[in-house]
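Dear colleague,

After it you will find my notes on what turned up in it.

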Amino acid sequence: MLSIISNLKTFVNRGILSNQIVNRQTFDNCITFHSAICILLMKRIRSTSKIYSAEKKNDEFNKDELENNLKDTEHHSLVKNKNLQNQKITNVAEILNSSSKDVQNHEQNEKNKLNLKSLRDRKKKVNEEYELSIPPPKNKTRAVVDLKMMKEELKQLEDPPLTVWEKEICSNRLPYSFFDCPCEELAQSLLGKILVRCLENGTILKGRIVETEGYLGVIDKASHTYQNKVTPRNIPMYMPPGTIYVYMTYGMYHCFNISSQGEGCAVLIRAVEPLEGIEYMTNQRTSKGLSNTSKKLSKVLKTYELCNGPSKLCIAFQLHKNHSKYSLCSWKSLWIENDEIEEINIVKCRRIGIDNYGEEWTNKPLRYYIYGNKAVSKRNKEAELHLGLN
C-alpha cells in the first residue's frame, strides 16, 4: 500500500496527472485518507500479531504445563501401580504363609490324632492281652495271650553253682517251697532270715533281713503290676516265686524285691542288719566314686546304718537291675538261709511312700519289721503302742 502511494506522489510531482485526473488538493486529501487507512491497518495488524504471539505463548505454556501434568500423572500412576503390585505381593505372601501354617497345623493335628490313636490302640491291646480276670464279652472272640504262653519271656536266668566250693557255701539255701506262699505270709517269713551275697571276687556278704513290705499285685494300687500291667521292667513279678526283681527308682536308687505266690505279687526288702563283710559294705557306702584311686571315708557309719533302707541295701550288697530274673533258689551269687534266733516280735504297720494311692492302700498294714532292731529304716511308734510292745 505504501509503495502505491509513493508511486502516485512521484507521478504527480512529475506532472503526469496534473490536468487529467484531479487537482492536487483533492489528490492530497485522497493520499491523506489512504495514509490514515494504512496506519489503522498497520495498527490492526500489529495488535493482531501481538494477540497471536500472546496466544501462541499461552498455547506453548499450556502445552508445557499439560506435558508436565501428564508426566506427573504418569509418574503417580507408576508409583501407584508399583505400590499396588507390592501390596499384592505382600498379600500373596501372607496368604501363602497362613496357608502353609494352616497346612502344618493340620498335619500336626493329624499326627497328634494318629499318635493318640496308636497309644489308645496299644493300651487297649495290652488290656486285652493281660487283663485275664475280666470275662470276655458275649459273642466276641477273645484275643488274649496267657502268661503261661510267654515261657521264653518269663524264663529265669540260669547261673547255678558248679564248683565244689560254690555248692558247699550255698548248701543251706532255702528251697522253692519257702517262697511259694502268699505275699503277706512270705513278707513275714523272711524276717530273721539271712541274705547271702557271693561276689565275683569270692567275697561273702551276709545280713539279717529285719524289714519288709508286701505288694499284692494286680489288686494293689501301689504295685507295679496293678490291673495286670506288664512291662519289660516288671516281668519278674509274674515269674515263679523266689525270682529276683531289682528296679531303679528316681533314676538313681535301686530296690530289691522277691516274687511270691499270686499274680504279680512281690516282697520289697527294706532293711538288713549286716553280719559278715561289714568292712566291704562300709567301703561301698562311704567311698567317693568307684575309681581305682585311693578312697577316703566321707562319713563314719555305724554298722546298723549300712543297710537300713532299700537303696542302701542295694549299694552295700552290690545289687543292680541286671540281676533281675535270677532265682534265689538256683543262682550262685545270691540266696537266703535259715538262722536260729530267738523268737522275734513283728510290727505290722502302713507302708512308706505310697500316700498318693488312696486311703485304703495307704493305711493297709503291709509293712513288717522286727521290733527293737536298730537296722530298721523307720519305726512306727503308733503301731508298736497298739501291740503293747513299749
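**Aromatic pairs and charges over rings**

A search of the whole structure finds three aromatic pairs, a pair being rings of Phe, Tyr and Trp (its six-membered ring) whose centres lie within 6.5 Å, with planes under 30 degrees apart counted as stacked, over 60 as edge-to-face and the rest as tilted. The rings of Phe 178 and Phe 179 have centres 5.2 Å apart and planes at 90°, so this pair is edge-to-face. Phe 178 and Phe 179 are both buried (buried means under 20% relative accessible area, exposed over 50%, and partly exposed in between, with a 1.4 Å probe and protein chains only).

Please keep in mind that this is a predicted model, in which local features need pLDDT of at least 70 and side-chain atom pairs count only at pLDDT 80 or more, while totals for chains, interfaces and linings use all residues. Residues are numbered from 1 along each chain as its sequence is written, and side-chain values use heavy atoms, with hydrogens and water left out.

Two charges sit over rings, taken as NZ of Lys or CZ of Arg within 6 Å of the ring centre and within 35 degrees of the ring normal: Arg 351 lies over the face of Tyr 215, at 4.7 Å from the ring centre, and Lys 364 lies over the face of Trp 361, at 5.5 Å from the ring centre.

**Salt bridges**

The structure holds eleven salt bridges, each a side-chain nitrogen of Lys or Arg within 4 Å of a carboxyl oxygen of Asp or Glu. One of them joins the side chains of Asp 159 and Lys 332, at 3.8 Å from N to O. This pair links distant parts of the chain, 173 residues apart, with Asp 159 in the loop between α2 (24-130) and α3 (164-169) and Lys 332 in the loop between α7 (310-316) and β6 (334-337); helices (H or I, at least four residues) and strands (E, at least two) are DSSP runs, numbered from the N terminus. Asp 159 is partly exposed, with a relative accessible area of 26%, and Lys 332 is partly exposed at 23%.

Asp 339 and Arg 208 also meet in a salt bridge, at 2.7 Å from N to O, and here Asp 339 lies in the loop between β6 and β7 (346-349), 131 residues apart from Arg 208 in strand β2. Asp 339 is partly exposed at 29% relative accessibility, whereas Arg 208 counts as buried at 16%.

Finally, Glu 211, Glu 213, Arg 270 and Arg 367 are linked in a network of salt bridges.
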